[in-house]
Amino acid sequence: MSSTPVSRTAVELATQPDCWRRAAAHISFSPDPGERIAVTGCGTSWFMAQAYAALRESSGRGETDAFPSSEFPAGRRYDRVVAITRSGTTTEVLRVLDAVRGRIPTVAITADAATPVRDAADEAVVLDWADEQSVVQTRFATTALAYLRAGLGLGDDVTAAAADAEAALRAPLPAAAVEAGQWTFLGAGWTYGLAQEAALKMREAAGAWTEAYPAMEYRHGPIAVAGPGRVVWAFGPMPEGLAEDVAGTGALLITGAGDPMADLVRVHRLAVAVAERRGLSPDAPRGLTRSVILGA
């Protein structure tokens, strides 16, 4: 009796709870309260930067901006620039670090110390135990966010999130979510970055039609795409009345019961399941490579 081989992506995403616990126990970087910080990255790393920036500001630690590295405003004044890059080779990230060199202290959070980012940044945080072989990021990105959350004094939250993620790995996925034809992800505050990342995972791993919006913006047009056979997935609490509005469209509404980062693990599993249902390999996403390295 044959069985479908387990993808490398599925194996790696299942290690996230242990990675988060290790991140929470190994804090070596925490910007001082009041520092004006810019956080940057590309793709998934940018969305983790968005989540961290919102968390840092909401915790009262200081003004924190997040930018995709390709749009980084290098002329602005910051007390520190934090770059997130799994590979340590992403061209746009290295260009940002070069542009601010000598003017603004920089910290890179990476999975590989033996890469150009180690020399490009003033300081490097190496989470090599969360590195991945997969093209599609799962555990490195969330581990970087867990590390940064713990650095805000939220280590207990990260530990609780790890327990929630273990439950998310055990629980069955809703069959209707796997079989849907379209998925929209919603978030607010720090969870908007998670919603953006959830949509990206579905696109990358499964070539799926996905969108992401701030939850309060969803009624301002995007809700028009909702309907039977489609999914609306909310990270964190729903704005008042929105659940009823979604129900009226006939779309399936999914909300998380635990930490929103653990809910993202459920989407990682969903992306793999949808890819496999479509006969695709989540380990071989169309048109993607592990790092984007541009020509001179």
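Modeller: Let's start just after H8, where Gly207 takes a positive phi of about 60°. Bear in mind that this is a predicted model, where local features need pLDDT of at least 70, side-chain atom pairs count only at pLDDT 80 or more, and totals for chains, interfaces and linings use all residues. Residues are numbered from 1 along each chain as its sequence is written, and side-chain values use heavy atoms, with hydrogens and water left out.

Biologist: What makes H8 a helix, and what does its span come to?

Modeller: Helices here are DSSP runs of H or I with at least four residues, strands are E runs of at least two, and both are numbered from the N terminus. H8 covers residues 190-206, which is 17 residues. The expected span is 1.5 Å times one less than the number of residues.

Biologist: How many residues of H8 are buried?

Modeller: 15 of the 17, so H8 is mostly covered, where buried means under 20% relative accessible area, exposed over 50% and partly exposed in between (1.4 Å probe, protein chains only).

Biologist: Why does Thr115 count as buried?

Modeller: Because its relative accessibility is 10%, and the cut-off is under 20%. Thr115 sits in the loop between strand E4 (106-110) and helix H5 (117-120). Beyond its neighbours within four places in sequence, Thr115 is in contact (heavy atoms within 4.5 Å) with Ser87, Gly88 and Thr89.

Biologist: What makes a set of residues a nonpolar core?

Modeller: Its members are buried Ala, Val, Leu, Ile, Met, Phe, Trp, Tyr and Cys residues joined through side-chain atoms within 4.5 Å. The largest has 65 residues, and among those with the most contacts inside it are Trp183, Phe185 and Met202. Helix H6 (residues 139-170) gives the most to this core, with 14 residues. A second, separate core of nine residues includes Leu186 and Val232.

Biologist: How do you know that E1 and E3 pair?

Modeller: Pairing takes at least two DSSP bridges. Strand E1 (residues 37-41) and strand E3 (residues 80-85) have four, in the parallel sense, so they qualify. One detail: the bridge partner of Ala38 in E3 is Val81.

Biologist: And which strands are the edges of the sheet?

Modeller: The sheet is open, with five strands in the order E2-E1-E3-E4-E5 and parallel pairing. Its edge strands are E2 (64-68) and E5 (123-126), since each pairs on one side only.
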